[in-house]
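Subject: Handover of a structure and notes on what was found

Dear colleague,

Please find below the structure that I am handing over to you. My notes on the sheet, the helices and a few individual residues follow it.

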Amino acid sequence: MNIPITLNEEQTVLDVPPETSLLRVLRQKKLFSVKDGCGKGRCGFCTVLLDGEPVPACLIPVGIVRGASIVTLEHFAKSPEYADIADGFAQADVHPCGYCNAAKFFGVHRLLTRVYRPTKDELDALADAQTCPCTDRDAFINGVLYATANKHRREGRKNGL
């Protein structure tokens, strides 16, 4: 079945059965930031942006992504938003293990696109959603705070204006 999508800002047509998981298709396309973890959508290792929202690719059959935009971490890594987060993580001495990069980066991205300044509850909820033990919880939260400041600096925002 031919399924047209936009993958990392390029139009493409997937010629696979509609029940094939998005994870499998992306791995076949050699997009290895999409990791095969739990297979149940819990670990976040296979997270991609589907029309701008982080989703577990292991749970998404390609038949339902017709016409959608999918962004993997390989492509997102070229964006200024990624740089804000990566710099924030570096400032907080956060070094994701490689398996959980997509979950951490796309989780922070989602939060920072929705709120100007994350609250303690929002930061706690994001930290609680990270299942990989490679990163200290407090360091992760500090990394998000640094990423927030980096984004504000890049966008020219000043103190909540």
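Throughout these notes, two strands are said to pair if DSSP finds at least two bridges between them. Helices (H or I, at least four residues) and strands (E, at least two) are DSSP runs, numbered from the N terminus.

Please note that this is a predicted model, in which local features need pLDDT of at least 70 and side-chain atom pairs count only at pLDDT 80 or more, while totals for chains, interfaces and linings use all residues. Residues are numbered from 1 along each chain as its sequence is written, and side-chain values use heavy atoms, with hydrogens and water left out.

The sheet

The model contains an open sheet of five strands, arranged in the order β2-β1-β5-β3-β4 with mixed pairing. Its edge strands, each pairing on one side only, are β2 (10–15) and β4 (53–56). On average, neighbouring strands of this sheet are turned by 40° against each other, direction ignored. For this and the later angles, axes are lines fitted to C-alpha atoms, for helices over the stretch in contact, and angles run from 0 to 180 degrees between N-to-C directions.

The pairings are as follows. Strands β1 and β2 are antiparallel and share six bridges; here I5 has T12 of β2 as its bridge partner. Strand β1 (residues 2–7) also pairs with β5 (residues 69–71), in the parallel sense and over two bridges, and T6 stands opposite S69 in β5. Strands β3 and β5 pair in the antiparallel sense over two bridges, with L49 opposite V71 in β5. Finally, β3 and β4 are antiparallel over four bridges, and T47 faces P56 in β4.

On β3, T47 and L49 point one way while V48 and L50 point the other way, and all are buried. In these notes, buried means under 20% relative accessible area, exposed over 50%, and partly exposed in between (1.4 Å probe, protein chains only).

Two hairpin residues

Most residues other than glycine have a negative phi. Which residue takes a positive phi in the hairpin of β1 and β2? That residue is N8, with a phi near 50°, in a hairpin that has two residues between the strands. N8 is not a glycine, and at 12% relative accessibility it counts as buried.

The hairpin of β3 and β4 also has two residues between the strands, and there D51 takes a positive phi near 50°. D51 is not a glycine either. At 53% relative accessibility, D51 counts as exposed.

Contact here and below means heavy atoms within 4.5 Å.

In helix α5 (residues 120–129), the buried residues are L123, D124, L126 and A127. They lie on the same side of α5 because they cover an arc of only 165° around the axis, the arc being that of the directions from the helix axis to the C-beta atoms. These buried residues pack against α4 and α6 (137–155). The exposed residues D121 and D128 are carried by the face of α5 turned away from its buried side.

Two packed helices are described by the angle between their axes and the distance between the axes. For helix α3 (residues 80–91) and α6, the angle is about 135° and the axes are 7 Å apart. The two helices are therefore oblique to each other; angles under 35 degrees count as roughly parallel, over 145 as roughly antiparallel, 65 to 115 as roughly perpendicular and the rest as oblique. Residues in this contact include P80, I85 and F89 of α3, and F140, Y146 and R154 of α6.

One further residue of helix α6 is T148. Is T148 buried or exposed? T148 is buried, with a relative accessible area of 5%. Not counting residues up to four places away in sequence, T148 touches L112, Y116 and P118.

Yours sincerely
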